[in-house]
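Let's take a friendly tour of a protein model. Have the sequence and the 3D view ready as you read.

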Amino acid sequence: MNATTILEVQGLTKNFRVGSRFQPGGRQVVQALSKVSFHVFAGETLGLVGESGCGKSTLGRCLLRLYEPDAGSILFKGHDLTRMSEKALRPLRADMQMVFQDPSASLNPRRRVGDLIAEPLRVHGFGDRQKIAARLEELMGLVGLAPEFLTRFPHEFSGGQRQRIGIARAIALSPSLIIADEPVSALDVSIQAQIVNLLADLQKRLDLTYVFIAHDLSVIRQIADRVAVMYLGTMVEIGETETVLHRPAHPYTAALISAVPEPDPGTRRGRTVLQGEPPSPARPPSGCRFHTRCPAAQPICAAERPVLRQFAGAREVACHFPIE
Amino acid sequence: MPLLDVQDLRISFRTARGIVRIVEGVSFAVAQGEILSIVGESGSGKSLTALAVMRLITDPNALVEGRIFFKGEDILALPDSAMRRLRGGAIAMIFQDPMTALTPVYTVGAQIVEQILAHQKIPKAAAKARAVDLLGAMGIPSPLDAARRFPHQLSGGMRQRVMIAMALSCDPALLIADEPTTALDVTVQAQILELLLKLRADFGSSVLLITHDMGVVAQVADRVAVMYAGTIAEAGATADIFARPMHPYTIGLLNAIPRLHGPKLAALPAIPGAPPAPQEKPAGCAFAPRCTFQIAACEARPALLQTSGRQVACFRAGAV
């Protein structure tokens, strides 16, 4: 694999202010991302996993500056996105695109498919009408849809086909980076497999880099080269997919993996069911944010926040007592 | 005699474009203390089947035909008043989204008490105590405090526990769970599945579990019925079906699931195409257009036949 870094994130922090002083609880600051650092190599797929509220979607949106981060830097091909003006950012946006979870919510129901896919081409001045029409045909072929469908409306398609349209839009401008936020979560299993295969195939053909956000570890294993596990706005473990999923070093990663219901009745077992639920990100625990649910917590875990550090092979882990 | 015996259930809707058949002749039985899972993709008719057992399909354009025997009595023929006594009493249901199934304007304790008092003649104080006991039994920390809370003050996992507590408040013989863990995170899902298994062990309840997740089926169900486009494609013991699926759809479905363990495949063996829309279902086998084993006989609809401890609706069962 090509080991050039395409994206480098340092100390990314994002706070949301929620509530109002007139509400019970008053104004609160939710720290959705707390000093998150990682990098993405060109041509790879980085899987981003975690439970709801862990900040994975916020992170995806911050990477494209759809949210303004509060602190930290995002280096994309050497440009610091956090310091650029909207205007300076615009040409770069063509190079980073997003695929959303719910294709019916992200496609305008009143516009034809051809129109929807052509929009980014027009916005970024791709060329005249013939050039755009030729590109549309090519894109439909790439995502496995018949060119006749260009004149239809989104509601005439099934969920899987709509996701193909969403993907066609994202790859229209030949980006190098695609952030895919739960792109297959809303799809049925038999369709999900088609879209996962399509994304893998497009990656090879178009030399794409993916940041693939998902909550399903099995999907992540299928598509990601490396995986980053998040908990309550922090990165707890990041490394080669097979290493992290089969020899997890962070207790949270281990708990997450053991909670996955395997489609194999032979694996029924007394699993280490994690007790309780993630605490509110408005009042994160001190020290290691996982210490309140961690089976291996020690006094130091409540006092001191562990930093990501190299551990046993191709991965980093943020834990005072990683699993050997 | 099975606790629940559904025979040739058919559900269709009158629409402007004619009658649309959603469920087409589904038969299954749930034995005492058994967990039967109906698994299928969206639009397969699994949730409608569950609603029909509760007689909750109230659309005036819906036609529900067939027979549903509960403890030997055909509940489709029951008068409404008798059905109301049954519903929430001997048959209880939990839904995918507890936020919409609970009312936002009463405390969860009050909602459980209401259900108990609707079915049992006991003093209100006793009903309150029972509600708190149930919340505790569902693994809710400080149940007395939780009973005084409103649904929006509880997390998704806690709300689902409240729903289960409410469903169990009248000791139902049959619990119908429609995608009970789909909206939950995986660690919380594991807790709720453990809870379902514990309930069966402690109370001997039968469970009809509706889900789309083969992982959930594998972990909790004794038997499984795989639905496709309104019919049962295959039914049998869970271990059996996962070890040796016989219907091409079941085979395709199991192959298409990405796995956390075992060898990693270069590409997932996906099933080509998509399930048919209800009004465009083929006259023959509904899966035939997507099936790699299709033969001329598939132009006709295959019956669900018993073959070696298993029911399969396929002309080529055993050959594929």
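## Two helices that cross

A crossing of two helices is called right-handed if the near helix is turned clockwise from the far one by less than a right angle, and left-handed if anticlockwise. Keep that in mind as you look at this predicted model.

In chain B, helix α4 (residues 108-119) and helix α5 (residues 124-137) have axes that come within 9 Å and cross at roughly 120°. That angle is why α4(B) counts as oblique to α5(B). Which hand does the crossing of α4(B) and α5(B) have? The crossing is right-handed.

Where the helices meet, α4(B) brings Gly109(B), Ile112(B), Val113(B), Ile116(B) and Leu117(B), while the α5(B) residues include Ala127(B), Ala131(B) and Leu134(B). Sorted by class, this contact has 7 nonpolar, 1 polar and 3 charged residues.

## A sheet in chain A

Now turn to chain A, where 4 strands form an open antiparallel sheet in the order β2-β1-β4-β5. At its edges are β2 (28-41) and β5 (79-80), each pairing on one side only.

Strands β1 (residues 5-18) and β4 (residues 71-76) of chain A are joined in the antiparallel sense over 5 bridges. Look for Thr13(A), which stands opposite Ala71(A) in β4(A). Helix α1 (residues 56-63) of chain A lies across β1, β2 and β4 of that chain, at about 65° to β2(A).

## Where the chains touch

Finally, see how the chains come together: 37 residues of chain B are in contact with 35 residues of chain A. On the chain B side, α8(B) gives the largest share, 8 residues. The residues on this side of chain B divide into 20 nonpolar, 11 polar and 6 charged.

Terms used
Residues are numbered from 1 along each chain as its sequence is written. Chains are lettered from A and ligands numbered from 1 in the order in which they are written. This is a predicted model: local features need pLDDT of at least 70, side-chain atom pairs count only at pLDDT 80 or more; totals for chains, interfaces and linings use all residues. Two residues are in contact if their C-beta atoms, placed from the backbone, lie within 7 Å. Helices (H or I, at least four residues) and strands (E, at least two) are DSSP runs, numbered from the N terminus. Ala, Val, Leu, Ile, Met, Phe, Trp, Tyr, Cys and Pro count as nonpolar, Asp, Glu, Lys and Arg as charged, and the others, Gly among them, as polar. Axes are lines fitted to C-alpha atoms, for helices over the stretch in contact, and angles run from 0 to 180 degrees between N-to-C directions. Angles under 35 degrees count as roughly parallel, over 145 as roughly antiparallel, 65 to 115 as roughly perpendicular and the rest as oblique. Two strands pair if DSSP finds at least two bridges between them.
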